[in-house]
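Here are my comments on the model, as requested. Please read them with the structure open.

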Amino acid sequence: MIRKRIRHIQRYREIVNALIRYGFGFIIKELGLTELLSMPKRLFVEVNTESHYKTTGERIKLFLEELGPTFVKMGQVASTRYDIIPAHIIEELEKLQDSAPQFSYDKVTETIEEEFGLKVDQIFKEFCETPLAAASIGQVHFGVLKTGEKVAVKIQRPNMRTVIETDLEILQDLAILAEQRLDWASRYQIRDIVEEFSKSLREEIDYTIEGRNAEKIAKQFVNDPKVVIPKVYWDCTTKKVLTMEFVEGTKLNETDKLKEMGNDNKALAKRIVDSILHQILIEGYFHGDPHPGNILALPEDGIIFLDFGMVGKLTPEMKYHLASLVIALMRQQTDDVIKAITHMGIVPEDINLPELRGDVEKLNEKYYDVALSQVSLGQVVNDLFLVAYRHGIRIPSDLTLLGKTLLTMEGIVVKLDPEISILKVAEPFGKRLLMERYYPKKVAGNLWHQLVNLGEFLAELPRSMKELNHLFKNGKMRQEISFPEIDLILSKFDKISNRITFSISLLAFSIIMAGLIIGSALVGQSSMLMLKIPIIEIGFGIATFMFLLLLFSIFRSGRF
């Protein structure tokens with residue numbers, strides 16, 4: 001860690017100085033980084049006075065923008081974490097723009113020549129020197145291949161990988177320090193969050209991964225001409241250069257142009273929702289950043305998806321539980337909502353289920369009798385993730401990205417069709433997944449898989465028991481059991497056992513009475529006397545009384 005600080009001392013100082021300027025100098029003291037400052041800076045005299053008049057969220061946004069692409073990307077990823085970051089800060093993080101000044105055409109040609117070993121004019125018939133767009137990691141140029149296809153060429157900024165790797169090393173260092181010194185950092189498991197972010201960003205600066213993401217999503221719509229994914233030209237693609245089909249469409253906010261193209265806004269909104277829900281619920285592989293710049297409209301209600309640097313992935317199990325959650329939300333079934341949430345995340349052993357149920361019930365009340373057109377599926381999902389987080393349930397990052405994706409999608413389609421109900425559009429997808437879950441072939445496959453697992457478990461059982469026995473013999477097995485509600489449970493068991501005993505006694509008495517009745521019938525007597533007492537009539541009366549007493553006790557217990 002010390003070697004990292006020495007190697008990256010200049011970048012550390014830039015980060016520290018930015019923290020001071022935007023009013024976060026206390027973080028430097030808490031992390032023990034004051035030794036990185038010269039004496040005047042240690043007195044925190046360079047605070048940006050303008051920052052005092054800005055909110056915490058605004059200052060965080062300015063801080064991230066000043067430090068460049070790694071920190072901007074970190075802020076964009078953080079804006080998906082509704083489960084751990086306050087809403088007023090997320091609102092500012094969502095304003096982070098992935099834009100940057102253009103870099104020179106000489107650098108563009110230099111990168112292309114390094115990657116392919118060829119001059120630009122040897123690869124492209126035409127290549128526009130002025131970029132179509134410039135972002136923090138790269139910029140896009142229009143070109144025409146030698147074979148005549150129009151393409152969009154994304155070129156990575158020079159030395160971008162080195163800059164990002166330096167920043168990621170520093171962030172990992174700071175995360176370790178934070179967990180060691182700050183309780184909240186340890187509780188939020190900051191190191192794991194930074195690790196997830198590092199993995200995501202390293203994938204984003206490898207353009208071949210973005211190309212494969214595009215192809216995977218394109219395969220989902222191979223039979224749907226209304227959803228267009230640009231083709232990847234692999235002969236002209238490397239880790240630093242991505243060449244894709246150039247497609248032209250209309251921005252979704254250009255309403256007049258959409259009408260001229262003959263588009264129906266309601267149909268266009270439903271197309272967007274259907275396509276994204278198909279990616280999420282059916283395929284489990286979805287575009288993670290469907291903002292207005294990444295979705296364009298085509299004539300006759302077609303759409304184009306662009307930019308596949310950020311994608312989310314759901315396992316088949318996660319898809320199923322998400323579908324169950326959608327259905328449970330539609331039907332306001334608290335138990336099913338709780339079941340879906342707990343299956344989605346890592347549940348702590350000491351979770352308080354009654355409190356969790358209470359929080360879910362409050363959510364049900366919040367959305368009770370609210371028109372479906374007024375319910376935001378993304379907000380509902382994020383509300384549920386907040387409840388899960390409050391109870392220590394760790395939700396995977398792909399699911400938190402899902403919540404952000406749904407909110408972004410809703411922001412787009414509501415402007416096209418204010419009356420659209422995302423929940424109503426989502427319900428058929430949820431039902432389809434539930435039906436597929438119980439399809440006989442799938443059920444048989446799952447059963448076979450469970451049998452195989454059971455066989456493996458049984459095969460390992462003798463060895464496991466031998467190891468357990470060894471631990472017992474050596475006195476290495478220690479077990480602590482805490483059961484604060486044991487008295488209540490024992491009391492309930494006592495009541496249950498009493499009722500079972502009572503029921504068995506009643507059953508035995510009834511069998512005896514039935515035998516007496518049958519015996520009297522066989523000897524041709526309507527009644528049976530013992531010491532001139534009518535046994536059958538009295539027994540019947542006793543049995544009736546005991547039966548009524550049993551019913552009364554069941555009703556009174558409220559357990560009928």
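The points below go from the basis of the model to strands, loops and surface charge.

1. Basis. This is a predicted model, in which local features need pLDDT of at least 70 and side-chain atom pairs count only at pLDDT 80 or more, while totals for chains, interfaces and linings use all residues. Residues are numbered from 1 along each chain as its sequence is written, and side-chain values use heavy atoms, with hydrogens and water left out.

2. Strand 3. Start with strand 3, residues 138–145. Strands here are DSSP runs of E with at least two residues, helices are runs of H or I with at least four, and both are numbered from the N terminus. Is strand 3 enclosed or open to the outside? It is largely enclosed by the rest of the structure, because 7 of its 8 residues are buried. Buried means under 20% relative accessible area, exposed means over 50%, and partly exposed lies in between (1.4 Å probe, protein chains only).

3. Partners of strand 3. Two strands pair if DSSP finds at least two bridges between them. Strand 1 (residues 124–127) runs antiparallel to strand 3, joined by 3 bridges. Glu-126 faces Val-144 of strand 3 there. Strand 2 (residues 133–134) also pairs with strand 3 in the antiparallel sense, over 2 bridges. In that pair Ala-134 stands opposite Gln-139. Strand 4 is joined to strand 3 by 7 bridges, again antiparallel. Phe-142 sits opposite Ala-152 of strand 4.

4. Two hairpins. Strand 2 and strand 3 make a hairpin, with 3 residues between them.

5. On to strand 6. Strand 4 (residues 150–156) pairs antiparallel with strand 6 over 5 bridges. Which residue of strand 6 is the bridge partner of Ile-155? The partner is Val-241.

6. Four strands form an open sheet in the order 5-10-9-7, with mixed pairing. Strand 5 (227–228) and strand 7 (250–251) are at the edges; each has a single partner strand, so one side of each is left without a neighbour in the sheet. Strand 9 and strand 10 pair antiparallel over 4 bridges. Ala-297 has Ile-303 of strand 10 as its bridge partner. One reminder when viewing the faces: in a regular strand the side chains alternate between the two faces of the sheet.

7. A loop to check. Glu-300 lies in the loop between strand 9 (295–298) and strand 10 (302–305). Asp-301 is in that loop too. Phi of Glu-300 is near 60°, and phi of Asp-301 is near 65°. Both values are positive in residues other than glycine. For context, most residues other than glycine have a negative phi. Are these residues buried or exposed? Glu-300 counts as exposed because its relative accessibility is 56%. Asp-301 counts as buried, at 13%.

8. Positive patch. Lys-199, Arg-212, Lys-216, Lys-219 and Lys-313 form a positive surface patch. Patch residues have over 30% relative accessible area and no salt bridge, and like charges are joined within 9 Å. A salt bridge is a side-chain nitrogen of Lys or Arg within 4 Å of a carboxyl oxygen of Asp or Glu. Helix 13 (residues 207–220) gives the largest share of the positive patch, 3 residues. Lys-313 is in strand 11 (residues 311–313). It counts as partly exposed because its relative accessibility is 38%.

9. Negative patch. Asp-106, Glu-110, Glu-114 and Glu-129 form a negative surface patch. Glu-114 belongs to helix 8 (residues 105–116). Its relative accessible area is 54%, so Glu-114 is exposed.

10. Glu-30 is in helix 3 (residues 25–31). At 36% relative accessibility, Glu-30 counts as partly exposed. How far apart are Glu-30 and Ala-178 in sequence and in space? They are 148 residues apart in sequence and 8.2 Å apart in space, C-alpha to C-alpha.

Note on methods. Patches are made of residues with over 30% relative accessible area and no salt bridge: like charges are joined within 9 Å, nonpolar side chains (Val, Leu, Ile, Met, Phe, Trp, Tyr) within 5 Å. Accessible areas come from the Shrake-Rupley method with a 1.4 Å probe; for residues, only the protein chains shown count as cover. Lys and Arg count as positive and Asp and Glu as negative; His and the chain ends are not counted. The place of a charge is taken as NZ of Lys, CZ of Arg, CG of Asp or CD of Glu.
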